[in-house]
Amino acid sequence: MEKIVILTGAGISAESGLSTFRDEGGLWAQHRIEDVATPEGFARNPALVQGFYNARRVQAAGVHPNAAHKALARLQQDWPGEVMIVTQNVDSLHEAGGARGVIHMHGTLAGALCSACGHRWTAPPEMAVGEPCPACAQPTARPDVVWFGEMPYCMDEIYDHLASASLFAAIGTSGQVYPAAAFVHEAREAGARTVEINLEPTLGASGFDERVVGKATQTVPRWVDQLLARRS
Ligand code: APR
């Protein structure tokens, strides 16, 4: 049965109230990437970086999954084949919407990582500068998110899924950041049909077989309904 691989970006969580990065007034209009989303920025000013992620962690804890998150969970439940969700998002809205086995290639706001010993634990709502690691007690706790210049997580597993995909959908992502932006090419190489679901066609839209334009809370449930109606 057809395997579906779905890549999501900030756009799928926009209607839940979480800012995207590159839209008008987005996070990268409010903060400089090099200050809050790089290891160098963290080394230079850990208070600024911890404050940036604390604010996002607190905000993410206060929002709810929307119809798009829930529709993808329904697809996972009702589709006879495998449905893998790979997200660039660090929020937990896919899981809150009922999705399972979500791969967070850029990490999660809920996670904390010790940069000294590699220990991982559930982050406190607000992480302090010099927060001690529960395992090695060193003051080296950081958000377990992937910063620019760092390797995204689970890449081997993701490429395996792309290599066996029959259908690849990119939902709510601007396709500006690699390696995620190249997943559509990997999927096409594997012979998958590809669809971009976005508020508007992205710069990379022509690389997809199909484009669905509109708000995710409207387009994704409809797309899932059409897929499930066509189940062979
Ligand atoms: N419905 C559908 N798509 C939407 C909606 C919506 N309601 N609102 C916005 N979008 C689309 C925008 O058109 C845009 O293409 O979501 C996309 C958001 O793009 P970005 O802000 O660039 O977010 P994303 O693609 O997830 O960024 C990728 O960049 O900064 C890094 O690590 C960060 O994971 C992030 C990565």
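Predicted model: local features only at pLDDT ≥ 70, side-chain atom pairs only at ≥ 80, totals over all residues.
A residue counts as buried when its relative accessible area is under 20%, and by that cut-off both Phe 168 and Phe 208 are buried. The structure holds seven aromatic pairs, and its largest pocket has a volume of about 940 Å³.

**Aromatic pairs**

- A pair of aromatic rings is described by the distance of the centres and the angle of the planes.
- Among the seven aromatic pairs of the structure, that of Phe 52 and Tyr 53 is edge-to-face, because the ring centres lie 4.9 Å apart with the planes at 80°, and an angle over 60 degrees is what places a pair in that class.
- Phe 52 is buried because its relative accessible area of 5% falls under the 20% limit, and Tyr 53, at 4% relative accessibility, is likewise counted as buried.
- Phe 168 and Phe 208, by contrast, form a stacked pair, with 6.5 Å from centre to centre and 15° between the planes.
- Since Phe 168 belongs to strand β7 (residues 167-171) while Phe 208 sits in the loop between β8 (193-198) and β9 (210-213), this pair ties together parts that are 40 residues apart in sequence.

**Aromatic cluster and a charge over a ring**

- One aromatic cluster is made up of Phe 21, Trp 28, Phe 42, Phe 52, Tyr 53 and Trp 147.
- Trp 147, a member of that cluster, also has the charged end of Arg 142 sitting over its ring, at 3.8 Å from the ring centre.

**The largest pocket**

- The largest pocket, with its volume of about 940 Å³, is lined by 49 residues, of which Ala 10, Phe 21, Arg 22, Gly 172 and Ser 174 are the closest to its centre.
- Sorted by class, this lining consists of 23 nonpolar, 18 polar and eight charged residues.
- At least two lining residues come from each of α1 (11-14), α5 (46-61), β8 and α10 (216-229).
- The largest pocket lies between domain 1 (1-18 + 65-106 + 152-232) and domain 2 (19-62 + 110-145), because both domains give residues to its lining.

**Arg 22**

- Arg 22, one of the lining residues closest to the centre of the largest pocket, is located in the loop between α1 and α2 (27-30).
- With a relative accessible area of 39%, Arg 22 is partly exposed, because that value falls between the 20% and 50% cut-offs.
- Arg 22 and Gly 118 are separated by 96 residues in sequence and, C-alpha to C-alpha, by 31 Å in space.

Conventions. Residues numbered from 1 in each chain as written. Heavy atoms only, no water. Phe/Tyr/Trp six-rings, centres within 6.5 Å; stacked < 30°, edge-to-face > 60°. Buried < 20%, exposed > 50% of the residue type's maximum accessible area, 1.4 Å probe, protein only. Helix = DSSP H or I, 4+ residues; strand = E, 2+ residues; numbered from the N terminus. Lys NZ or Arg CZ within 6 Å of the ring centre and 35° of its normal. 1 Å grid on protein atoms, 1.4 Å probe; cavity = no way out; pocket = protein on both sides within 12 Å on 5 of 7 lines; lining within 4 Å. Points joined across faces, edges and corners; volume = space filled by probe spheres on them. Nonpolar A, V, L, I, M, F, W, Y, C, P; charged D, E, K, R; others polar. Domains from an automatic or database assignment.
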